[in-house]
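Please look through the sequence and the model shown here before reading on. The paragraphs after it walk through some of the packing, one piece at a time.

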Amino acid sequence: MSTAQSTKNPEMFDIAVVGGGLVGLPLALGFAQAGFKVAVIDAQAPEDVARAEFDGRVSALSPASLAMFGQLGVLPHLESQLQPVTDIMVTDGKVGGRAAPFFLHFDAADNDTGPLMSMAENRHIRIAAQKAAERAPDTLHQIAPDGAESFARDAGGVDVRLASGRVIRARLAVAADGRASRLRAFAGLKTVGWSYDQMGIVTTVEHELPHDGTAQEYFLPSGPFAILPMQGNRSSLVWSEKTALAKTIMAMDEDGFARECAKRFGDYLGAHRPVGPRWSYPLGLQLAHDYVSERIALVGDAAHVLHPLAGQGLNWGLKDAAALIEVAAETARVGLDIGSLAALERYQRWRRFDAVSLALVTDGLNRLFSNDVGPLRLLRDVGLGLVGKLGPARRFLMREAAGGSGDVPKLLKGEPV
């Protein structure tokens with residue numbers, strides 16, 4: 001990895017990635033491996049985003065995402081931090097502190113790719129990606145901390161002016177700068193979406209008994225409540241709560257917060273208590289109408305923000321990255337312009353339909369389960385039970401979550417581009 005020096009003239013690159021987070025930095029790694037000169041710009045210093053206080057969340061990594069990380073050189077730095085998930089139990093609420101009788105059980109024994117998924121703390125993913133970047137080809141230029149302040153576009157490329165005064169010019173600029181993407185706004189790419197009047201609350205819990213690699217998800221009237229296994233006798237709680245109540249819970253002292261956790265957590269893992277910081281964020285759906293315009297493409301949260309109940313947000317962003325890298329590499333090999341709209345529309349056709357489909361499914365599930373209407377609850381409970389008993393249906397859902405269905409980019413199969 002090398003870092004270009006500041007200059008009054010634009011610094012020339014093939015690709016500029018705006019945002020060096022969980023999707024942006026792996027994207028830049030893939031571009032560099034494919035032979036492109038790439039700048040990845042991030043407002044945060046690498047040492048800051050690696051701290052537990054910066055992001056205490058965890059992510060579920062599919063087998064396909066881990067294959068991609070293996071090809072990019074990230075996995076060797078992450079393997080020791082992974083918690084395999086061998087079982088997933090999905091239940092419609094709890095009765096008297098215990099799971100309701102109808103449930104959907106996903107078992108790794110039915111899965112030919114090993115664990116159903118692997119949990120990793122976001123900070124460990126960032127640390128692993130950073131270590132891979134330090135060993136990347138010298139065509140990767142990491143520019144951080146330095147934010148993208150403004151953009152200009154012409155027929156030949158995109159200029160990115162940084163807070164430091166530097167100007168980066170690239171044939172293709174990629175927005176990996178999140179749901180409030182400045183590059184997306186500059187490109188005039190509109191979004192559609194809505195709020196769920198829910199907030200996600202995240203914390204880590206230590207518990208007395210081992211979780212045995214089992215993830216639990218309860219659909220409560222206020223929203224889903226997930227217990228995700230972490231290394232050791234720890235689990236990450238990710239629960240959706242009505243906004244007003246969530247704000248009240250977040251304002252509680254440690255004892256009050258612990259009691260609220262206990263109401264939902266139950267006692268199946270013995271004595272337990274929250275440890276470390278707690279986080280909250282508003283939940284909603286947001287989809288970009290288009291993922292591309294001339295010389296600009298969107299990936300990750302800049303393109304789609306989903307409800308966390310499916311746990312696929314990061315996997316879907318990495319699938320965007322893998323598809324865009326492959327399209328750019330194949331376009332360059334035949335001597336065409338990687339930033340042309342004709343080239344980028346192939347990426348959009350590849351990814352937009354999948355993302356919209358998943359967004360609509362998660363939106364429908366959240367609306368279906370986030371209520372306590374008696375007849376509807378009975379119908380959905382029976383539906384969960386039937387899917388759980390139908391092996392082919394259950395295995396289909398597992399293949400979808402593993403990232404191995406449909407037109408899979410090469411990187412997600414662990415193959416070089």
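Which residues in helix 1 meet which residues in helix 3? Pro-26, Leu-29, Gly-30 and Gln-33 in helix 1 meet Phe-69, Gln-71 and Leu-72 in helix 3, where contact means heavy atoms within 4.5 Å. This is a predicted model, in which local features need pLDDT of at least 70 and side-chain atom pairs count only at pLDDT 80 or more, while totals for chains, interfaces and linings use all residues. Residues are numbered from 1 along each chain as its sequence is written, and side-chain values use heavy atoms, with hydrogens and water left out.

The residues of this contact between helix 1 and helix 3 divide into four nonpolar, three polar and no charged. Here Ala, Val, Leu, Ile, Met, Phe, Trp, Tyr, Cys and Pro count as nonpolar, Asp, Glu, Lys and Arg as charged, and the others, Gly among them, as polar. The axes of helix 1 (residues 24–33) and helix 3 (residues 63–72) come within 10 Å and cross at roughly 50°; such axes are lines fitted to C-alpha atoms, for helices over the stretch in contact, and angles run from 0 to 180 degrees between N-to-C directions. Helices (H or I, at least four residues) and strands (E, at least two) are DSSP runs, numbered from the N terminus.

Helix 3 also packs with helix 8, at an angle of about 45° and with their axes 10 Å apart. Ser-65, Met-68 and Phe-69 in helix 3 meet Asn-315, Leu-318, Ala-321 and Ala-322 in helix 8, and by class this contact has five nonpolar, two polar and no charged residues.

Not counting residues up to four places away in sequence, Leu-61 touches residues including Phe-69, Ser-118, Asn-315 and Leu-318. One of these, Ser-118, is found in strand 9 (residues 117–121). Ser-118 counts as buried because its relative accessibility is 6%, given that buried means under 20% relative accessible area, exposed over 50% and partly exposed in between (1.4 Å probe, protein chains only). Although Ser-118 and Leu-61 are 57 residues apart along the chain, their C-alpha atoms are separated by 5.2 Å.
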